[in-house]
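Dear colleague,

Please find below the structure that I am handing over to you.

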Amino acid sequence: MVPSGYTNGAPGSTVSNGYRPKISPCGPKRTSWQRKTSEQLEEEYDSDDEVPPDAIFYNVPLSPRSSKAFSSTPSPERETNGNKSDENGTITPPNSRSLPTTLPNGTASRLGPRSKSWSDAMFELGAEAKELSEALERHADKELIRTEKRLQRKSESLPAKKKSPTPSTHTVELPPLQVSNGIIDPLPISKEKEAVLSRTRPSWLPPKSKEEEKRHLKEYQRMMRRSQEAERKRVQKERQEQEARERLQNKFSNEWETKIIPHWNRACREPGTRELWWKGVAPRCRGEVWSKSFGNHLAVSAETFRLALKRAKEIEAGVKKAPTMYTARERELFVAIHRDVKTTFPELKIFQENGPLHQSLLDVLMAYSMYRSDVGYVYGTNAVAGTLLLNQSPEQAFVTLANMLNRPLPLAFFTQDEGAISRSYALFLKAFQYKLPCLYRHIHQNLRIDPSLYLEPMFLTLFSLQCPVDITSRIWDVYSFEGDSFLVRTAVGVMTVLESKLYGDQNEILNILGWNAGMFPLGKDDDFMAIVRFAGREEDHKCPAEKF
């Protein structure tokens, strides 16, 4: 109800008796009998700028935390401009007012010191405010998840940006400053000398002019860019060659699987099949091809393998219980097998203890030592059996091992048949003298090295101990079809590749070819096989060596 005398109008209107009320900047002045409603208070304090400095907020729900601040630990103290820290490290703002410990109505304040984290502030709230704060927190989390999903769907719907082409050359780093050398120029560098140090000339030489230095740096950058471009082309060429090789292997795999293996007897007699095995049997067909090409003239079966392995384990258990009941050869047999299995192809890490093929290699070697008790175990058989296990199961590897070591040349070395060994050496030396006369004279006429010192490791292990696995597999691809004469040709090929390294003394030669030598550096398998193939060809009709 409006009192009499008042008229509706603008804030500046007056009453009839001429009285003009004073309007304060913050609204009508409140008298002691007036009390503001909650809507009036919200309108009056709707902005932080209008909050009086002595106002105290009690039990107000907290705003949701940022997505990056969900940590329950207090934030580290940060010094701001003008803040001072006391001896205890507590930061005190300048001219700060201490908050009253009691509310205007006389009740004690629950705020106390300023909270340092969201969790601490939540602890100070009442039950209703805390529940509201948690509800706001859950709502903010849901909104954040919805926003992320919306942005993700938006980014997926946008067309993919085209990647900017990578520059063919990287940024060329300049060479470092050529500081003094402690031996040539031991004196410390003076300030005058430091000012003229060059990146392209040692410090003890006369300095260059700025123009010459700039020109040489440009030449250095051009040279490095050419080097980077050459390296890029080399990597690209290797990648293309690898892709072409994989396509060729896939093509060969189809031919072996569809044309040769199903029609084995007829296909092996065709001229085109010989070209295929010289190019290499497809890896996924190699195990089956080796089983067929090496054959099974001994009629060995999986049952033979199981019986021989059972016998070997019984003897091994007996040696552990009563070693004096067995011969020294039987006691040493199993020790040697366990020792050599651990050193088989260590770079592959599959035949060592806890390796996937460790037990399989042990089983094959122990079974073969029982199957050929006259031979037992000979050092190097571990590499032969290991190569087979990379392509065949233990039963298949045992059958193939028994038949391939029964061929005349490896059998001569395993049984120490001196006559057969001498004939194989004579055949090699005849071809060696014809193909590499200079190296032959150096090794056998000047140094008089016995051929057994470097040929025995090759022939007894069928090149598996000293050649990389991929080259050994390529050698066996051809050996399985063409027989022992191919091993002689392969030995000549090895000498051809290593010729430049074999003109030293006897120790240097045997360090490369002997039992203690490492892997032969034979290069790529295709290049090596091309050299081996050329080693068996007669160049003219006057060749004194037989074709082998």
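Accessible areas come from the Shrake-Rupley method with a 1.4 Å probe, and for residues only the protein chains shown count as cover. On that basis the protein chain exposes about 36,200 Å², of which carbon and sulfur atoms supply 53%. This is a predicted model, in which local features need pLDDT of at least 70 and side-chain atom pairs count only at pLDDT 80 or more, while totals for chains, interfaces and linings use all residues. Residues are numbered from 1 along each chain as its sequence is written, and side-chain values use heavy atoms, with hydrogens and water left out.

The secondary structure comprises 21 helices and 2 strands (DSSP runs numbered from the N terminus: helices H or I, at least four residues; strands E, at least two). Of the 548 residues, 33% count as buried (under 20% relative accessible area; exposed is over 50%, partly exposed in between; 1.4 Å probe, protein chains only).

In helix α21 (residues 525–535), the buried residues are Asp525, Phe528, Met529, Val532, Arg533 and Ala535. They fall within an arc of 155 degrees seen down the axis of α21, so they line one face of the helix (the arc is that of the directions from the helix axis to the C-beta atoms). Their cover includes α7 (271–279), α15 (418–435), α18 (469–482) and α19 (485–497).

Thr472 lies in helix α18 and is buried, with a relative accessible area of 1%. Not counting residues up to four places away in sequence, Thr472 touches Thr387, Leu462, Phe463, Ser464 and Cys467 (contact means heavy atoms within 4.5 Å).

Yours sincerely
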